[in-house]
Amino acid sequence: LKTHRREVTVVFLDLRGFTAFAETAEPEELFGVLRDYHEAMGALIVEHGGTLEHFAGDGIMIFFNDPVLQPDHGERAVRMAVAMRERFADLAVRWRKLGYELAFGVGIAVGYATLGRIGFDGRYDYGAIGNAVILASRLSSDAKGGQILLSQRAFAAVDEMVEAESVGELALKGFSRPVPAVNVIALRNAGGVAVS
């Protein structure tokens with residue numbers, strides 16, 4: 001748990017329309033949606049070997065390549081995000097029948113971060129701090145429903161395994177220059193053909 005520096009892939013995800021939903025939903029409905037969402041996403045985090053940094057309402061932060069080293073950390077993160085988008089689509093169908101209009105957005109960035117124990121006596125978490133964390137968070141905030149936005153470095157790590165489209169340069173809060181990003185359309189199979 002000692003503080004150290006390492007290259008990681010950071011993933012942020014949250015729900016579009018959640019604030020409006022929370023304003024009108026009964027507390028039981030709200031907790032039901034969050035329970036289903038966290039359970040589905042949590043299972044995929046474990047399956048792909050991610051480290052959950054935290055849940056914050058509908059927001060989730062995950063990182064890869066720490067504390068266990070993963071030479072394919074970028075690929076793991078993107079595979080997880082695509083699987084989450086597919087799983088979310090199933091949840092959204094059920095929620096729509098109940099009148100809940102929610103969507104899902106993801107931001108992924110690769111870079112060096114400082115990792116270690118954060119907190120105070122009696123309440124510690126294991127966390128990551130750095131530019132990659134901020135960039136993934138801002139990309140997630142900018143993602144439209146269904147988008148998985150990758151930073152340039154994240155895309156460079158997975159460009160052969162994904163079908164992607166440029167979303168241009170984004171003006172992200174806290175960044176002095178526009179940030180180029182791409183949206184993942186689908187994963188490619190071994191033959192290079194896109195599969196959803």
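This is a predicted model: local features need pLDDT of at least 70, side-chain atom pairs count only at pLDDT 80 or more; totals for chains, interfaces and linings use all residues.
1. Rings of Phe, Tyr and Trp pair if their centres lie within 6.5 Å, the six-membered ring being taken for Trp. On that basis, Phe18, Phe21 and Tyr100 are linked by ring pairs into a cluster.

2. How many aromatic pairs does the rule give? The count comes to 5. A pair of aromatic rings is described by the distance of the centres and the angle of the planes. For Phe21 and Tyr100 the centres are 4.8 Å apart and the angle between the planes is 55°, and the pair is classed as tilted. Phe21 belongs to helix α1 (residues 18–24), while Tyr100 sits in the loop between α3 (73–97) and β4; the pair therefore ties together parts that are 79 residues apart in sequence.

3. Phe88 is buried, its relative accessible area being 6%. Trp95 counts as buried too, with a relative accessibility of 2%.

4. An aromatic ring also takes part in a contact with a charged residue. Arg117 lies over the face of Tyr124, and the distance from the ring centre is 3.9 Å.

5. Asn65 is buried, with 9% relative accessible area. Which backbone atoms does the side chain of Asn65 approach? A polar atom of this side chain lies 2.8 Å from the backbone oxygen of Glu7. The side chain of Asn65 also reaches the backbone nitrogen of Gln70, at 2.6 Å.

6. Most residues other than glycine have a negative phi, and most peptide bonds are trans. Asn65 is not a glycine, yet its phi is positive, at about 85°. The peptide bond from Asp66 to Pro67 is cis, with omega near 0°.

7. Arg188 is found in strand β8 and is partly exposed, with a relative accessible area of 27%. The side chain of Arg188 makes a polar contact of 3.4 Å with the side chain of Glu163. A polar atom of the Arg188 side chain also lies 3.5 Å from the backbone oxygen of Asp159. Arg188 and Asp159 are 29 residues apart in sequence, and their C-alpha atoms are 9.8 Å apart in space.

8. Another arginine, Arg85, lies in helix α3. Arg85 counts as buried, at 18% relative accessibility. Arg85 and Gln147 are 62 residues apart along the chain, and 8.5 Å separates their C-alpha atoms.

9. The final point concerns empty space. Rolling a probe the size of a water molecule over the atoms shows where such space is left. The largest pocket has a volume of about 160 Å³. Which elements give two or more residues to its lining? They are β4 (103–120), α4 (131–142), α5 (152–158) and β8 (179–188). With 3 residues, α4 gives the most to this lining. Among the lining residues are Val110, Gly111, Asn131, Leu135, Gln152, Arg153, Phe175 and Pro180. By residue type, the lining of the largest pocket divides into 6 nonpolar, 4 polar and 1 charged.

Terms used
Residues are numbered from 1 along each chain as its sequence is written. Side-chain values use heavy atoms; hydrogens and water are left out. On a 1 Å grid over the protein atoms alone, a cavity is a set of points where a 1.4 Å probe fits but cannot get out, and a pocket is an open set with protein on both sides within 12 Å along at least five of seven lines; lining residues have an atom within 4 Å of a point. Grid points are joined across faces, edges and corners, and a volume is the space filled by probe spheres set on the points. Helices (H or I, at least four residues) and strands (E, at least two) are DSSP runs, numbered from the N terminus. Ala, Val, Leu, Ile, Met, Phe, Trp, Tyr, Cys and Pro count as nonpolar, Asp, Glu, Lys and Arg as charged, and the others, Gly among them, as polar. Rings of Phe, Tyr and Trp (its six-membered ring) pair if their centres lie within 6.5 Å; planes under 30 degrees apart count as stacked, over 60 as edge-to-face and the rest as tilted. Buried means under 20% relative accessible area, exposed over 50%, partly exposed in between (1.4 Å probe, protein chains only). A charge sits over a ring if NZ of Lys or CZ of Arg is within 6 Å of the ring centre and within 35 degrees of the ring normal. A polar contact is a pair of N or O atoms within 3.5 Å; within protein, one must be able to donate a hydrogen and the other to accept it, and residues adjacent in sequence count only if both atoms are side-chain atoms.
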